[in-house]
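These are my notes for a colleague who is meeting this structure for the first time. Please read the numbered points with the sequence and the model open beside them.

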Amino acid sequence: MFKHVDFYAGDPILELVNEFLNDTNPNKVNLGIGIYYDENGQLPVLECVKIAEKRMADPISPRPYLPMDGLPSYKKACQQLLFGKDAPILQENRIATLATIGASGALKVGAEFINAWFPTSKCYVSDPTWVNHIAIFEGSGVEVGSYPYYDKKTVSVKLDAMLSFLNSLNKNDVVLLHPCCHNPTGVDLTPEQWDKVLEVMKNRELIPFMDIAYQGFGESLDEDAYAIRKSVELGLPLFVSNSFSKNLSLYGERIGGLSIICPTEEEAVRVLGQLKLIVRRIYSSPPSHGGHVVDIIMNDDTLYEQWVGEVYAMRDRIKAMRFKLKSVLEAKLPERNFDYLTTQKGMFSFTGLSPEQVERLKTEFGVYLLATSRMCVAGLNIHNVDYVANAMAEVLKD
């Protein structure tokens, strides 16, 4: 019956995890999957989350379905985090927001909405981008292309090429952008560069779709949202997908959100209705447990401040690992420039290693990176950073 079904080789990131788990090298290091690990190589449970969980368990309560668009207070928390607690747009009721199954769910719902209501629009993603961006939009029937972004030679953004390309697009084409901590390169636009990009978006009447999965891991919760808030200031229509997986270390709870900025309150009501219809057709309602955890933390001043401190502690540890890795590599290979390691932001770094060098790291040293050379810096710690740096130096010097 199923002989005609094609074989799926698996997601390259998740398959790399399986390969890592089966590796018998006692010094193995997983720098492939995008998960934050603490100084001891463990997935942390944030203290604010522990407190929220205890509140939820005392007393243990029934678990009804959530509304299709999620808890109202959860939605409000998403809006305040993305647009600012005192942002005027929050009082204008022009934001259609719903809780989703992670940021992936937000991207899926947004892609389905675009396919339904902007059927001639194409979606353009950065070159390179997170591979699932392409799969999600194509899976929703949206044609996907790419715009120039990363310059391997200069380890920076191809700004002029990017602006020129955006100027060639058609009205209502969708441009998927990373507001901070670009995945996979770690190379972000500066505020001045964002201003230029968003001016082109406005002049060409393009639709920005901002995917912010790492808010707080770049500079700060507010600075990382610069492009989102600047888009609102410029009056752009705007899609935003956000995730709490990383900055709350709640990966398996699958909690995220989708927000769409509309020109009027009346349009926001209609947009939200269509988003709920899409949700109903796919999964009916968002996750409850994780939604309640986020709701408790984001709407309690004490817990919120505790959470901010924990996010910045994770951010600072990642930055410290970048500097440590750079210092060891510079000592081993003084003729090379490793400044890019500390100018890149967030969890990821494009190391510049060739696929052959990445393969050598894996087979000879048990150090796992993606074939693209993307490294998850959050997998480094004081116990393994020297080992990884020495391994990288070994494959780079040949």
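1. Glutamate 112 and lysine 108 are four residues apart in helix H4, so about one helical turn separates them. The two form a salt bridge whose closest N and O atoms are 2.8 Å apart, the term meaning a side-chain nitrogen of Lys or Arg within 4 Å of a carboxyl oxygen of Asp or Glu. By this rule the count comes to 21 salt bridges. Helices (H or I, at least four residues) and strands (E, at least two) are DSSP runs, numbered from the N terminus.

2. The model is a predicted one, in which local features need pLDDT of at least 70 and side-chain atom pairs count only at pLDDT 80 or more, while totals for chains, interfaces and linings use all residues. Residues are numbered from 1 along each chain as its sequence is written, and side-chain values use heavy atoms, with hydrogens and water left out.

3. An open sheet of seven strands runs in the order E2-E10-E9-E8-E7-E3-E4, with mixed pairing (two strands pair if DSSP finds at least two bridges between them). Strand E2 (95–101) and strand E4 (144–148) stand at the edges with a single partner strand each, so one side of each has no neighbour in the sheet. Within the sheet, strand E7 (residues 174–177) and strand E8 (residues 207–212) pair in the parallel sense over four bridges, and leucine 176 stands opposite phenylalanine 209 in E8.

4. Which residues lie nearest the centre of the largest pocket? They are Gly34, Ser104, Trp130, Tyr214 and Lys246, out of 26 lining residues. A pocket here is an open set of points on a 1 Å grid over the protein atoms alone, where a 1.4 Å probe fits, with protein on both sides within 12 Å along at least five of seven lines; lining residues have an atom within 4 Å of a point. H1, helix H4 (102–117) and helix H5 (131–139) each supply at least two residues of this lining, and H5 gives the most, with three residues.

5. The bond from aspartate 127 to proline 128 is cis, with omega near 5°, and proline 128 is found in the loop between strand E3 (123–127) and H5. Another cis bond joins asparagine 183 and proline 184, with omega of about 25°; proline 184 belongs to the loop between E7 and helix H7 (191–203).

6. Asparagine 93 has a positive phi of about 55° although it is not a glycine, and asparagine 93 lies in the loop between helix H3 (72–83) and E2.
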